Amino acid sequence: MHSLALIPWLDPENIISAAGPWALLLVCFIVFAETGLLLGFLLPGDTLLVISGLLTHTNDIFGVNIWVVSLLIALSAFLGGEVGYLIGHKGGPAVFERKESGLFSKKNVDRTNAFFEKYGGLTVILARFVPIVRTFAPVAAGVGHMPWRRYSLYNLIGALLWGFGLTMLGYLIAYIPWVAHIVTEYIDLILLAAVGGTALVTLWHYFSERREVRKEREAGLAPEPIEPIDGDLPTA
């Protein structure tokens, strides 16, 4: 595998190799943080899981059985989703209601609520396979006050399909040498596509939301931002 010098820290094999005996713990933490701590939405989580499974087969990189690896990763994904939901449920509404532009706006809360009302648990499951969406969907479910028991069931299904499924897929890919060769040889291109695509989607969504808020403000449906005046500024 030839790592790109520009993003060596995004190379899954570099991440795993650099962690040494803590490699599995690091992978689990990355998976947890991606959905539980609102971090890592630019990290290629899907690729990391596939490579983890592949290296388990070819190098026994973690020193444990593939079933253990896959189940621990799935558990990390589930726990991350639960923490993300808790963050959204406890602190999300206040954060969204204080800001009326960009990604964090009251209008987005209303749209999120409507989206979950329409698609429900299917959203939670499918969100696992979409970069960015899997990071914010648990928080959105919490903000939208989706019933916790219902959310947890779909979160568990999604975590198993994504965390366990993709890791096991990587393990099985190793049985097909030419496929394993393509995945390992061109991982840099996969990384660039994943990171670049994620960044483009993020920018598109951000500017789209700003455009919607501006249109609503011009139509008188959203409050104008309050500009500070001299009399409001604190004096020394």
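Tutor: Leaving aside neighbours within four places in sequence, Ser 70 is in contact with Gly 163, Phe 164, Thr 167 and Met 168, where contact means heavy atoms within 4.5 Å. The model is a predicted one, in which local features need pLDDT of at least 70 and side-chain atom pairs count only at pLDDT 80 or more, while totals for chains, interfaces and linings use all residues. Residues are numbered from 1 along each chain as its sequence is written, and side-chain values use heavy atoms, with hydrogens and water left out.

Student: Why does Ser 70 count as buried?

Tutor: Buried means under 20% relative accessible area, exposed over 50%, and partly exposed in between, with a 1.4 Å probe and protein chains only. Ser 70 has 0% relative accessibility, so the residue counts as buried. Ser 70 lies in helix α4; helices (H or I, at least four residues) and strands (E, at least two) are DSSP runs, numbered from the N terminus.

Student: What makes His 89 partly exposed?

Tutor: His 89 has 30% relative accessibility and therefore counts as partly exposed. His 89 also belongs to helix α4, and its C-alpha atom is separated by 5.0 Å from that of Val 143, 54 residues apart along the chain.

Student: Why is the pair of Trp 67 and Phe 164 called tilted?

Tutor: Rings of Phe, Tyr and Trp (its six-membered ring) pair if their centres lie within 6.5 Å; planes under 30 degrees apart count as stacked, over 60 as edge-to-face and the rest as tilted. Three aromatic pairs are counted by this rule. For Trp 67 and Phe 164 the centres are 5.6 Å apart and the planes stand at 45 degrees, so the pair is tilted. Trp 67 is in helix α4 (residues 66-97) and Phe 164 in helix α8 (residues 148-173), so this pair ties together parts 97 residues apart in sequence.

Student: What makes the pair of Tyr 85 and Tyr 151 stacked?

Tutor: Their planes are 20 degrees apart and the distance is 4.7 Å centre to centre, which gives a stacked aromatic pair. Both Tyr 85 and Tyr 151 are buried.

Student: How do you know that α1 is oblique to α3?

Tutor: Helix α1 (residues 12-19) and helix α3 (residues 45-58) pack at about 60 degrees, with axes 9 Å apart. Axes are lines fitted to C-alpha atoms, for helices over the stretch in contact, and angles run from 0 to 180 degrees between N-to-C directions. Angles under 35 degrees count as roughly parallel, over 145 as roughly antiparallel, 65 to 115 as roughly perpendicular and the rest as oblique. Hence α1 is oblique to α3.
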